[in-house]
Every structure is written in structure tokens, then in C-alpha cells.
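Please keep the structure in view while reading.

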Amino acid sequence: MKIPLKQYWNLLADYLNRQWGRVTLLAIALFGSIGLQIVNPQILSYFIDTAVAGGSQTSLFAAALLFTGVALVTQVLAVAATYFGENVAWTATNALRADLAEHCLKLDLSFHKSRTPGELVERIDGDASTLSRFFSQFTIHVLGNIVLLFGILVVLLVEDWRAGLALSLFTVTALSTLIRLRSLAVPYWAALRQISAEFFGFLGEHLAGTEDIRANGAISYVMHRFYGILRRWRPLYHKARLAGTVLWGTTIGLFAIGNVIAFAVGAYLWNEGGITIGKVYLLFHYTNLLREPIEQIRTQLENLQQAEASIYRIRDLFQVKSKLSVGGNQRLSKGALSVTFQNVSFSYHEGGLRTGSRENLLPTSIPNPQSSEWVLQNISFSLPAGQVLGLLGHTGSGKTTLARLLLRLYDPQIGTIRLGSIATYEILLTELPQRVGLVTQDVQLFQTSVRNNLTFFNSQIDDKQILHALEVLGLSQWLYSLPNGLDTPLGSDSCGLSAGQAQLLAFARIFLKNPGLVILDEASSRLDPTTENLIEQAVDKLLEGRTGIIIAHRLATVQRADRIMILENGRMMEYGVCEDLRNNSNSRFARLLKTGLTDVLV
Amino acid sequence: MAATAKMGGWQFLWRMISYAPKLYLIDGFFWILIEGLPVIPGLIIREFFNTLTGSSQLSLSPWSLVALLLVAEVGRIAALFVGRLTKTEHRFLMSSLLRRNLLERLLFRPGAQPLAASGETLQTVSPGEVISYFRDDAHQIEEIIAWTSQIVGAGLFALGSIAILLSVNVRITLFIFLPLIAMLVVVQQAETRLKWYRRASRQATQQVTGLIGEIFSSTQAIKVAGAETEVLDYFRKINEQRRQMMVKDQLLTALVKSVFQNIVSIGTGGILLLSSTSMQVSAGTLTVGDFALFVYYLSFVTYFLSFLGESIALFKQTEVSFERLEVLLSNTPAGESGSDGVKEDSSFSSSALVAHNPLYLNGFCDRKQPLPPIEKPYRDDSTCLQELAAFNLTYHYPGTHWGISDVNLKIARGSLTVITGRIGSGKTTLLRVLLGLLPLQAGTIYWNNRKVDDPANFFVPPRSAYTPQVPKFFSTSLRENILLGLEKPDLDLQNAITMAVFERDVADLDDGLETVVGPRGVRLSGGQLQRAAAARMFVHQPELLIFDDLSSALDVETEQTLWSRLFAARKVSTENDAAVTNWMPTFLVVSHRPWVLRRADHIIVLKDGKVEAQGKYKNLLNTCAEIQL
């Protein structure tokens, strides 16, 4: 039997410590109702003996009333316990949810590439919800019920030592049997939750891609895969539930034996003339009263079996470390930032996808040591502050990766990147996103107000700034058409917001910061030429007094560049001042201008 | 909101139960045993006390009574093992059927975004939120169905025990019935509140799961914006809202439950009072054994009553679940569909939720059943596109003026039609309306002069295929992602990949076509995704190819290569009818590339959702301001 006591204790102490007041009230309510539960059978026993002996009607009446009163108070305490318990549980698990979300958000992108949002919903909300009972009830119920057990047994020992001893032995046997069975179900529950996580991952992906599925006639294919998951799901579900049945059946069997013991002892003592009929009944009643705490302990243990799997998964999740080193404490200077790459090489593979926890379902490809693994190879250049770099290259040539390294979404395996004169890993982590702005191809919107979408929930930014940014980008018109202005909720379908408009919103996000380096990653790829023209001026404003990197595969987009870099298969093929390259007919850039010419000029 | 001919909760349950009636009956039988067998120990206990006090009519020794008790319990345990097995199977069938029907409906419904009612207005539901429907609501319904047979079992034996009690003492027995009436009144009162709180707490939960989903599908954006702290603060805020709702919900449930137990306790007190006079009489109308029986059965009847109360409450909550699912399935993004559009009334979707569909599970003794075959695209003479025409296509996003109005289209076989226009002019909307991904509010579509009644089910391969701006891929092999269940020889797959100019990328991948892609697999760049999606279309060799801005992530050279390969395919089939491929694709694309515009047979320029101009590039250059830029 391995109860990972230490881990439970750590979790408990951590999340319950923050709300001692409530925990105390919960304990008072629970222990109060326990005490009353021990008292009430005594009243019954007294009642029977008095009735059989022909006692006075008044004392019988008083006993009946007292019994009712005690029962009422017990109920009030039970409701109070629920109230405090739920509060404790939700406060604790909410704290856990927030901690988990924070932890996951801080992990580097290689972690997120290996997990679907649906799976993380299951991890952060599903597992935390399983733990909810554990937090509110487990310790206090188990503790409380152990106290109740002891109370009953002590009272029994006082009544008659033989009866007390027999039932104490029974209690010890029953509990240890049930606890021994406890660990039985854990692997089954873990397997069950794993497949349910897989199912919800599958669901999340496919519901996000309904258009692709529908319009390519793949509905029956998706259903086919769904049936496949169901098929694997069912036996796991059966096994997990069967493990529960074994526990339940054992409990019933044990209590049958308990009653047999109580009756046997009662009959023996009665025949000996040692006890009254009221006491025989009390013996029987207390035996049944033992049932409640033992069953409670069993249920709590069953919850614990589920909670245990969740605890392990949460622990695993917390143990996933970001591959990025903690940032330093250097701050970046105000104004435009120069960018320097010194022999930078980077691969997504190296050790990368193996950091996922043990239940990582899909084996990711293991990197082979060939040089083609490197997404970027030996990149060295330096871009003076305030200049604009046009980054060209085919898809997959490493342009986007280069941008990601600048924001420390990943760290290069070899080489150093400097902003200003400071190496990226020495910069304060919170400083970097404030001073480097990135607009990507995909614009992610949240289902919340337009304001929150623009400010990323930062309430420090006032509406004036927002309105100004929208005006610069020519989005004022759009804003005025919204029913509630900045408070209008933006759905994930975003009420007719086109992909291009969404990109303009992404621009607005950058405007609200004051970065010293702006990276536009194919930023205008989805803009039609008309709109592209509209935002040209905005981009001018954005780049004013800032260093800029414009990633594009269209030549028109890099017209404003001071310098040009051409990437191919992660290698830097060409780097230089735009004018020089243009005038040098041997340069790739000049040749590119020729082939692309049709597209640049109508 | 479409909430007319609504199906009641009972009807829903009945339809669900009648899915597997035999299993349900067998399960019910065992649960009647499990819930009912405890009646026997009560009688044994009564005999035991009566034997001790010498008032028993039977002449059994206390020891044989003890043995009998043991036998009764062993029987119950045996029943429990069988009953749990059947229950598990039935539970699995119920939730799986719901999930299956939900998934299929969501895949089939036009409009990619599911909607749910929130107060008065319709709101879009994020994928993360939809998961809560599959998880919580399906579970809730599974639970209540599992309980129905248990409650019948408990009820039957509650009645049985009451009959026994009546034979013992009528006065006391009747006294236990009084609380029953009081309880039902209480539940009736609590019902509306309970329903309200449940709905509110569900919505709060949905918000939380929705936000988690959003956060982790935009991790990079959040990191890039350095907004971790702010996002988490917001997360904590809605977590707190959920806690408040949840505590209210749970507290009310606990109150109802406790009221039940309270009334029963008072009932026990009442029995004590009543029995006090009976037991006092030395004539012995009520023995100690009878008293033990009363208390034992009272707890039994109590259990039934509180179980019944909980079931009623759970049933009320389940009605909320059904309601939510119904709203999810019955609302089209437009609210009401147009006269010629897909007709979707709520009763249809309600029955779709509980429709009896096979689940293709294996038999119990490992008998393997084949999974349903994946539908093969069906091709006949009418498939072959001669002319596609659409008139007055109109769609506006609910509650806005965004969308398209009165757009006409005419596309001839083998032609290249380009839709262009600035941001927000309705290009994507037009494609989605034509494809039935958004419901038509007005307008008609004709395929070879035959009216298309259900565009959503019509515009699929082999008639058409579509690549959205940001194609989505799933966490399986690249091969599976391209084929999506289609059975084609490798050669065809290779051809499609080559035509999409994707062959070199595939060769560069470690595991080639077997490489796992999608959210959990290898990262593909935007351009690779678009070309993979193009291959996904080409492998079907559909009549009509629809690209939504294929070029947005492709560089000039790659895109030119792709187009020249496509045009080459077209040439082969025009020049030589007996060519290996008889494929004569027609193109409908959104693009801004002058290069593509110049080659187009027909250009449609959209502005503010209306056709601004159309014709050949040369003519438009002189006449249309939108295209001159």
C-alpha cells in the first residue's frame, strides 16, 4: 500500500492554508454533527428500556422530543458543512486552476505544440474538478469519521467490553480490507481518464475544423474515427467500474458480517442475562452506525482513487519545465533597438518534444543528427537601430523561426542574439514582449469585449489610446458601427470581422505598446491590395523611430527596407544594404526582383 | 429562437431508453433485486428480537436467523456484480449515443460556428465551450437514465415494505406518509430556483472552459503580447464568478436534501411518540422486534424518498441539459433560414439528438463488428459540371449589416473565376454561402440548371472541394489528413501532392507521408499547410475547386508553379479526351494576385457585400476603381 501522503499533504497545506477561517468553520460543523450522531442512539436505548419496563409517559415523550431535536440540529450542521465545504473546495481548486494555467502559460511553445487546447481544458479544469471533493471533504471527512468510529467503539467498550472488543476487531478488519483494495482501481481510473482526454482532444480539433471536414466530404471519415475511439473506450470504462464494484461488494459483505457479529454477541449476552433488550438494540444500532463512517471513508477513498490519478497528472504537469532559461535582470534601453545575431543555430527537435509528461500519446519523431535538422544554421548579422530589415525566403526557410527566437519563444542551441547590446537571455523576461512587437499570420481573438481583445485585458490602457490606435489604422469607421463600441463582445466568429480586419486589430495591439523593435511576419499576407495601401501609412508610423523586421515572400512588402536578407533552408544566402544588392546584378535579390517583377508592377 | 414544438424531458428520456430496451430491462431486473433485497434482513431482524423477547410465532433459534441474514446478503452481492456490469454497459451506450448524435449534427449543420442561447441573445460558442456539452450534459443525462431503473427498484420495495408495515401497525405506518406529502411540496417549490441556479452555474463553467481553450489556442499571441498576468487575472475573475454560482447551486441542492432527511427524522420522533403508548401496554401490540422493523424500514423508505427527491431534482437539471443541447442543435447562425435555404425546425433537431443510430461497438464475447464503411464519393453523369449559376445570394451575420446581398454568379465548365475586393467586402462569406457553410437567407443556386436545395450536402466531393484561408489539420498522419478516409491508390495521392507543389516538403519530412501533423504533431508552416490542403482537394479530382486566397502564405514562385500545374492538367483533358485523367476542373478562387487576375476568365469585384463590377481583367482595369490600385 502506497499512499503518497506527502504529496497529498503538500497539496492540501498549500491550498487550504490560504483559507484557515473557512476550514475551521467547516471542521466545527462536521465534528458537531458527529458528536450528535453518537448521542442519539443512547436516547433510543433509553426509550426502549423505559417503554418495556412500563416507564412514565412523560419521560418517554421527553425522550422522543429530545431525539427529534437532536436530529434537527444534526441537519442544520450538515447544511452548514456543505456550505463551508463547497466554498473551501472551490476556492482551493480555483487557486489550483489559476496556478496550473499560469504554469502552462509560462512553458515554452514546444510544450503547447504537443498538446491541444481541449486536452489542457481537461487537465486544468477536469482534473481540478476531480480534486474539488478531495479538498473540501477528504481530509475532514476521513478525519471526522475516524473520530466517529473511535467514539462509537469507546461507548461500546463502556457498555460491555466483550461487545466493544468484537466490534473493534471487526472495524479494524473492515477498514484495512477496504484500504488494501484502494490502490486496485487507480491504474484503471488513470486509463479511463486518459482516453477521455484523448477523446476531448479529438473533439476539440475536429470541431475547430468543421468547415474543412464538411466541404471536403469527410464527415463519415470523422465519424469512423469517433467509433474507433468508442471501441477502445468501452473496455476501459468497464474495467474501471468493475474495480469500483469490487470495493462496493466487499463493503456490503463486511457489513453483513458486522451485523452477524452484533447479533451473535447480543444473543449470547442476553442469554447470559448480562444486558437488557434496550442494550441489545443499542448494540445492533451502533453496528449500523459504524456503517456510515466506514462507508464514508470508503467513498472518500474512491474519490481519492480518482483524485490520485489527477494528483499525479497535475504533479507531472507542474514538473514540466520550460526549456527557456529564466531571464536575467537587464532592462532594454528606450528607443529603437539594434539586433545582432552571432553564429545562431536552432532546431525544434533537440530534446524538444521529449519533455512532455509520460502520457504523451503520440510518439514524436526522434531527431536524426543530420544537418537538415537545423531550422536555422549559423546566422550572423547585425541590424543597426532604427533600420528596417526585409527578410525574404521560401516557405519553410526559417523566417518565422528567426522572429520567434527574437521574442524568446525558443532559445537557440548555439550562438547569441543581442538586442541593443544585451543578450536575449539576460533580459528581464517581462521586459521582452513589451519592447518587441510581433504581428503574425494568425490573429487570435478572445470571446470578450473589443477592448479586452485590443488591450489583452490590461485595464491600465485608457480608451483614448485605444481610439487613437484605431484611428491611425482606419478602423474608426468599423468601431462606430459596433452597437456598444469598445464594449461590444467579439465572438470567436467575430461578427463579420474579416481576416484582414482581424489583422488590423493585431496592428492596433502593437500600437498600444511602445516597442523598440517591430516584427511583421507576413503581416499583410491576407490584406487585399487596397487595404494594404491603407495600412502602409500606418506601418510607416509604426516603424518611425523603431527598428523593424518585415518578413515577406512578396517583394512589394519589403519596399521600405533598408537592408535585405534572403534565407534558404535555414541558411543566410544573402545579407546587405538594399541599394547595393539591387544594383549588383549578380545578387539573388536583383534576380528575384526580375522574376517577381510581374507581380510588383501590374 | 426556434423553440416551438419542444420535446418534453420525459419524451427525450423515453427515446433514449428505448434505444437498448432489452439491456435496460435486464439491468432494471437486477437493480430491483439490489435495491429490494434489503427488505428480507428487516424481517429477519424483527424475528431475532421477537425470539429474544419470546414473542415470536416462528420457532427458529437466533443462530439460524443469523445464518439466514448472511445468505440474504450474499445474494445481494451477487446481484450487485451483475447489475453493475449491465449498468456500466447501458451508461456507456447512453452517453455515447448522445455524443455521437451531437458530433454528427455539429458536423452536418451549416454554419461552422455553433450557437447557444444566452439570455435573450444568441451567442457563438467556442470549441472549448462545446466540449462542456459533450462532457457535462452528456454525463448528466447518462446519470438520470441510470437512476430510473434504480428508482423503480427502490420504489417497488418501498411499497412492499409499507405493505408489511401496514400489516403490523396501521396507525404508525400512515404516520410515515405525512412527510411524503410535505416533501413533494418542498421539491415543487425549490424546482424553479434549482433550475435557474443550475443553468447559471453551467454557463459559468462554460465560460471557464471556453477561456482555457482560448488561452491555449493563443498561447503564442499572449506570450508575444506579454499579457500573461492580465489574462490570468481575467481567468481568476471568471473563476470567482463560477465559484459563487456553484456554491449557490450546491447549497440549494443540499438544503433540499436536508429538508428531506429532516422530515424523516421528525417522522422517527413521531414513531417513538406513537409507539411509546403501544409498547407500554403490556398486552404487547407492538413488540421490540416490530419497533426494530419500523426503524429499519423507515430508513429504507427514507432512502427511497430522498433518492426520489434527488432524482426529481436531477431530472429538472437534466431538462436544462436537454434544453441547452436542443438550442445548440436547432439554431442556425442566421436564426431563421430563408425560404429556399435548408429548413431546420427544432423538432427535427430534437429528435436528431436522441435518434437511434448504431454505435458499431464490438459484441460482448469479442465478436468483432465491422466499422461502418467510409462513404465513397458518388459520381454519375449529373456530377459533371456544365454550368454553375447562383442568383441573389444573400446572407447577413445575425444582428449586423455585414454579409453579402444579391450576388449573382455564372461559372462555365473549365473556367477560372476570381473573386476579388478589399477586406470585409464579403469574398469569404460569398464562398461560404455558396458552399452551404452559412445558410442562405435568400437566393437560389443551380447546378447544370437543376436547383440545389441543400447546398451544404451538395457541395462536397466529387462535385466540389474547398480550402479555407487557414486550413485545419488533425493530429494524425499527413497521409490521413490528405485522404480523409478516401481510398485512392498511392499514385493518385502522389499526383495530387505533386500538383499542389508539396512533393519536396513531404520528402523532407522525417517520416514522409506518415509524419503526424496537426495540433499534436509536426509543425508545418503556413505555406505548407495551404499546399497540403490543396493536395487534400486535388486527390478527389472534384469538378469545382474552390480556394479562399490560396496565395496568402505562398511565395510567388511556388504559387506560379502550382497554377501552371493546374492549368496543365486542364490542358491535357481538353486536348485529349482519352487521357488517363479525364479531369476538367473548374476554378472559383479568391485572389488579389494580378498574375491570377490576368488569367481569369471572369472576375467578380465585391464591395460592401455587393458586386461592384465584373468581367475580364483588361476591361476592369479601365473601368473599376477597386482593381486599379
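Are H3(B) and H4(B) roughly parallel or roughly antiparallel to each other? The model is predicted, so some limits apply: local features need pLDDT of at least 70, side-chain atom pairs count only at pLDDT 80 or more, and totals for chains, interfaces and linings use all residues. Residues are numbered from 1 along each chain as its sequence is written, while chains are lettered from A and ligands numbered from 1 in the order in which they are written.

**The helix pair**

Helix H3 (residues 39-53) and helix H4 (residues 62-108) of chain B have axes that come within 10 Å and cross at roughly 170°. H3(B) and H4(B) are therefore roughly antiparallel to each other. Here axes are lines fitted to C-alpha atoms, for helices over the stretch in contact, and angles run from 0 to 180 degrees between N-to-C directions. Angles under 35 degrees count as roughly parallel, over 145 as roughly antiparallel, 65 to 115 as roughly perpendicular and the rest as oblique. Helices (H or I, at least four residues) and strands (E, at least two) are DSSP runs, numbered from the N terminus.

From H3(B), the contact includes Ile40(B), Ile44(B) and Phe48(B). Contact means that the C-beta atoms of two residues, placed from the backbone, lie within 7 Å. By class, this contact has 10 nonpolar, one polar and one charged residues. Ala, Val, Leu, Ile, Met, Phe, Trp, Tyr, Cys and Pro count as nonpolar, Asp, Glu, Lys and Arg as charged, and the others, Gly among them, as polar.

**Confidence and chain contact**

The model scores ipTM 0.83 and pTM 0.71. Chain B has a mean pLDDT (the predictor's confidence in each residue, from 0 to 100) of 81, and 85% of its residues reach 70 or more. Residues 1-5 of chain B have pLDDT below 50, and this stretch has nine contacts beyond near neighbours in sequence. Residues 332-348 of chain B are also below 50, with 45 such contacts in the model.

Chain B gives 151 residues to the contact between the chains, and chain A gives 137 residues. On the side of chain B, helix H8 (residues 228-280) gives the most, with 28 residues. That side divides into 77 nonpolar, 46 polar and 28 charged residues.

In chain A, the domain assignment gives domain 1 (5-319) and domain 2 (386-407 + 436-600). Their C-alpha centres lie 55 Å apart. Domain bounds come from an automatic or database domain assignment.

**The six-stranded sheet of chain B**

Six strands form an open sheet with mixed pairing, in the order S8-S9-S10-S5-S11-S12. Strands S8 (464-467) and S12 (610-615) stand at the edges, each with a single partner strand, so one side of each is left without a neighbour in the sheet. Neighbouring strands are turned by 15° against each other on average, direction ignored. Helix H16 (residues 526-538) packs on this sheet, touching S8 and S9 (544-548). The direction of H16 makes about 175° with that of S8(B).

Two strands pair if DSSP finds at least two bridges between them. Pairs from both sheets are listed below.

| Strand pair | Sense | Bridges |
|---|---|---|
| S5(B) and S10(B) | parallel | four bridges |
| S5(B) and S11(B) | parallel | five bridges |
| S11(B) and S12(B) | antiparallel | five bridges |
| S6(B) and S7(B) | antiparallel | two bridges |

Within these pairs, Ile419(B) has Val590(B) in S10(B) as its bridge partner. Thr417(B) stands opposite His602(B) in S11(B), and Leu606(B) stands opposite Val611(B) in S12(B). S11(B) and S12(B) form a hairpin with two residues between them. In its turn, Asp608(B) has a positive phi of about 50°.

**The four-stranded sheet of chain B**

This open sheet has the order S4-S3-S6-S7, with antiparallel pairing. S4 (403-412) and S7 (450-451) stand at the edges, each with a single partner strand, so one side of each is left without a neighbour in the sheet. Tyr446(B) has Lys451(B) in S7(B) as its bridge partner. Helix H11 (residues 427-434) packs on the sheet, touching S3 (387-396), S4 and S6.

**Backbone details**

A cis peptide bond joins Pro461(B) and Pro462(B), with omega about 5°. Pro462(B) lies in the loop between helix H12 (455-458) and S8 of chain B. In chain A, Asn569(A) has a positive phi near 45°. Asn569(A) sits in the loop between strand S11 (563-568) and strand S12 (571-577) of chain A.
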